Amino acid sequence: MKHILLAMALVLGMGVTAQLKVGDKAPSFNLKNIDGKKVSLDDYKDQKGVVVVFTCNHCPYAVLYEARLVELQKQFGPKKFPIIAINPNDSTIVPADGFSKMITNAAEKGFNFPYLLDDEQLFKKYGATRTPHVYLLKNEGKHFSVAYIGAIDDNPQDASDVKDAYVAQAIEAILAGNKPKVTETRAVGCTIKFK
Amino acid sequence: MRKFLVILTILFASANLFAQKRSVPDIAIDQLLKRIESPSDTIYVVNFWATWCLPCVKEIPEFNKIPDSFRQKPVKVIMANLDFPNQKASRLMPFLEKHAIKGEVVMAITPRGGDWIERVNKSWSGAIPATIFLHKGKQSFHEGEIDYQAIEKYINTLF
């Protein structure tokens, strides 16, 4: 039923972008990191999964989660679930999201993960619509599949008052050999700015 | 000196009162949905916005252009604010002193998590701005920035 609805939405042109679903194969990418080097999903073949998060500098909701991303990397990077942050915004629309600003923001906030510039509109292939927007990927051996789509947790404003840490719980589930209990969530965020 | 300070305090207090004259009711999201989904002649335009959202602030003048009626039907514009409720006094109220908003401003109180977003509209991811158009059970939805021309088009599709 869900598939039919999705197909209908696409036919009607409601889906501006092809929305990835949980279970789908994750599109690969090769984008420029803030250190100038390219980062590809293929570089992560030896990991158990990857937390791909579309985020940016300027969006207050993205900013609220920066410290939590650093914590997630500390907690799950060593367990082979590293973070890859990707900025999908066009800096000609939001100058604060330009490449040089990404470099300074990452340094100021102590990002311990790559922060890539999406100059190929990869976000459309994933169907990301807002920042922050997480796609938790699971390594299936030959490719990565989507295991969870949505928010990082259930309390944007207050990290100390989180009841459901969606991404952390989903990773824990996969590490324990189970399927994540919650596979999709929605959350308020900023629209992705593109032309 | 003391007297001066007292007068100054009173002056500030009353100036503050005056500025905050516009009352912004808190309304639970499901209550808001109930209100706009009730059958009536009214065309509802509900814009979800926040003071921190750049495109939301930019498009406010477009909503200000909406007339009070459209083809003899009353139009009700509701500007549903999604700032954090504990920042109502520090962010929303000062914002309203500086920006003219013609529609009714309410603070949408949302429960923990994002399940409520789907209840507003199935195709809404949660990104703001987002606007719904309702008339007698018919609904149109727009995620992202909008201009008056598009607003008019959406209203037209409701008939």
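Two strands are taken to pair if DSSP finds at least two bridges between them. On that basis, three strands form an open sheet with mixed pairing, in the order S6(A)-S9(A)-S6(B). The model described here is predicted.

**Chain A as a whole**

- Chain A contains six helices and nine strands.
- The radius of gyration of chain A is 16 Å, close to the 16 Å that the globule rule gives for 195 residues, so chain A is as compact as a globular protein of that length.
- Taken along the principal axes, the box filled by the C-alpha atoms of chain A is roughly 45 × 40 × 35 Å.
- Buried residues make up 41% of the 195 residues of chain A.
- Among contacts in chain A with a separation of 6 or more, 71% are between residues 24 or more positions apart.

**Where the two chains meet**

- The contact between the chains involves 18 residues of chain A and 17 residues of chain B.
- On the side of chain A that touches chain B, strand S9 (residues 189-191) of chain A gives the most, with three residues.
- That side of chain A is made up of seven nonpolar, six polar and five charged residues.

- S6(A) and S9(A) are antiparallel and are joined by two bridges, with A:Thr131 opposite A:Cys190 in S9(A).
- S9(A) also pairs with strand S6 (residues 127-128) of chain B, here in the parallel sense and over two bridges.

**A covered strand in chain B**

- Strand S2 (residues 43-49) of chain B is mostly covered, as seven of its seven residues are buried.
- In a regular strand, the side chains alternate between the two faces of the sheet.
- B:Ile43, B:Val45, B:Asn47 and B:Trp49 point one way from S2(B), while B:Tyr44, B:Val46 and B:Phe48 point the other way, and all are buried.
- S2(B) runs parallel to strand S4 (residues 73-81) of chain B, with seven bridges between them, and B:Val45 has B:Val77 as its bridge partner in S4(B).
- S2(B) also runs antiparallel to strand S7 (residues 130-135) of chain B, to which five bridges join it.
- The bridge partner of B:Asn47 in S7(B) is B:Thr131.

**A buried loop residue in chain A**

- A:Leu41 lies in the loop between strand S2 (38-40) and strand S3 (49-54) of chain A.
- Why does A:Leu41 count as buried? A:Leu41 has 20 C-beta neighbours inside 10 Å, and a residue is buried if 20 or more other C-beta atoms lie within 10 Å of its own.
- Neighbours within four places in sequence aside, A:Leu41 is in contact with A:Ala26, A:Ser28, A:Phe29, A:Val50 and A:Phe144.
- A:Phe144 is 103 residues from A:Leu41 along the chain, and their C-alpha atoms are separated by 8.6 Å.

Definitions and conventions:
Residues numbered from 1 in each chain as written. Chains lettered and ligands numbered in written order. Predicted model: local features only at pLDDT ≥ 70, side-chain atom pairs only at ≥ 80, totals over all residues. Contact = placed C-beta atoms within 7 Å. Helix = DSSP H or I, 4+ residues; strand = E, 2+ residues; numbered from the N terminus. Nonpolar A, V, L, I, M, F, W, Y, C, P; charged D, E, K, R; others polar. Rg over C-alpha atoms; globule rule 2.2 N^0.38 Å. Buried ≥ 20, exposed ≤ 12 C-beta atoms within 10 Å, placed from the backbone.
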